[in-house]
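This report is meant for a reader who is meeting the structure below for the first time. Please keep the sequence and the 3D view at hand while reading.

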Amino acid sequence: MRIAIGLAENGAGYVNPNPLVGAVVVKDGKIIGQGYHAEYGKPHAEVNAFSSCTGDPAGASLYVTLEPCCHYGKTPPCVDAIIASRVKEVVVGCLDPNHKVAGKGVGRLEREGVRVVKGVLEHECRKQNEVFFHYMQTQTPFVVMKYAMTTDGKIATSTGQSRWVTGEKAREKVHSDRHRYMGIMVGVGTVLTDDPLLNCRMDGGKDPVRIVCDTNLRTPADSRIARTAKDIRTIIAAAVDDGDAARPLLDAGCEIVSVPKKGSHIDLRALMQILGGMGIDSILLEGGSLVNFSALDAGIVRKVQAYIAPKIFGGANAKTPVGGEGFVEISGCVMLKNTVVRHLGGDILIESEVENNCSQG
């Protein structure tokens, strides 16, 4: 199963909004086949594993990280291929939360006389597919808030300089995540200040869908994001109906979605519903301090990635990662859990799950 989990990881960034799945075929104590779901719309892990078999899989055991599908989608049901292979046993990491499967795949195999073992390395398998589980259960994107700061908690100097807070290894990880997650989101303030491209600069990587929270349609038509919108899908989320401001952006290739307001800005919860309906299963939030607070306050953030560099900027007016009004009472603050710490060159990545997130309830 650990080998299957490792295989599944090869599909990261290519299968969204499908899950990451790996499969291994074992017969007489030897691996005779292995595969993974490599690309959305292409054959699933089980089919690829059988295709790679060096011997007859009849009587073998199939190890698969996620419950085999039993419905027609972009591909035929995997349970049909499993039954046709005549394996004697299927070992499943975790059940599929998709209501079209959700135990039905396992049930079909058992009715056909295939022995099924469930829950092997279940926690690891579920963790690998946290995006898929969240999206299936809520139909909204899994949002990861990422920021880079100095040891004294600054994301830029008092004059606004921010390139680069962290080193090369940390930036490589960021581009790996831009590949892994389906979308990347910023506020229009970041566009106006930094004019970012927000693409993926990893070899063989996939550019994320770019999403700009722009309540009053202030994104310049000559910004790098607008100028490259015909090459990289770009969505502008706005709360105004201004044809004069929209026309240059539309001509440049941007998509504009209308989002209701909450206070003076777009309603981020409503935006998540819209983006989820568009099939976007995950978002890397790389906004400034105001957008970060708004996202936390709206309860849309599921995970926080804090990159910490061994530098000190100082400055009473230098920005911190989360600005806005802040939470008045300690009891109302955002609590984090399941923290993992990693060293990336000279920098540190602290990754935590958000504990008191109730926006999807």
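## Helix α7 and its surroundings

In helix α7, the residues Ala170, Lys173, Val174, His175, Asp177, Arg178 and His179 are buried, where buried means under 20% relative accessible area, exposed over 50% and partly exposed in between, with a 1.4 Å probe and protein chains only. These buried residues pack against β6 (142-150), β7 (183-187), β13 (282-285), β14 (301-309), β15 (336-344) and β16 (347-354), a contact being heavy atoms within 4.5 Å. Helices (H or I, at least four residues) and strands (E, at least two) are DSSP runs, numbered from the N terminus.

The 13 residues of α7 (residues 168-180) should span 18 Å at 1.5 Å a residue, and the end C-alpha atoms are 18 Å apart, which agrees; the expected span is 1.5 Å times one less than the number of residues.

## Basis of the model

This is a predicted model, in which local features need pLDDT of at least 70 and side-chain atom pairs count only at pLDDT 80 or more, while totals for chains, interfaces and linings use all residues. Residues are numbered from 1 along each chain as its sequence is written, and side-chain values use heavy atoms, with hydrogens and water left out.

## The protein as a whole

The protein contains 12 helices and 16 strands, and 50% of its 361 residues count as buried. Its C-alpha trace spans about 70 × 45 × 40 Å along the principal axes. For 361 residues, a compact globule would have a radius of gyration near 21 Å, and the 23 Å of the protein agrees with this; the radius is taken over C-alpha atoms, and the globule rule is 2.2 Å times the number of residues to the power 0.38. Among contacts between residues at least 6 apart in sequence, 71% join residues at least 24 apart.

## The sheet of nine strands

An open sheet of 9 strands has the order β10-β9-β8-β7-β13-β6-β14-β16-β15, with mixed pairing; two strands pair if DSSP finds at least two bridges between them. Its edge strands are β10 (255-258) and β15, each of which pairs on one side only. Neighbouring strands of this sheet are turned by 25 degrees against each other on average, direction ignored.

Within this sheet, β6 and β14 pair in the parallel sense over 8 bridges, and Val143 stands opposite Val301 in β14. Helix α7 runs at about 160 degrees to β14, whereas helix α6 (residues 130-138) lies across β6, β13 and β14 and runs at about 135 degrees to β6. For these angles, axes are lines fitted to C-alpha atoms, for helices over the stretch in contact, and angles run from 0 to 180 degrees between N-to-C directions.

## The sheet of five strands

Another open sheet has 5 strands in the order β2-β1-β3-β4-β5, again with mixed pairing. Strands β2 (30-36) and β5 (115-118) stand at its edges with a single partner strand each, so one side of each has no neighbour in the sheet. Strands β1 (residues 22-27) and β3 (residues 61-66) run antiparallel and are joined by 4 bridges, and Val25 stands opposite Leu62 in β3.

Thr65 has its place in strand β3 and, at 2% relative accessibility, counts as buried. Leaving aside residues up to four places away in sequence, Thr65 touches residues including Met1, Ile5, Leu20, Gly93 and Cys125.
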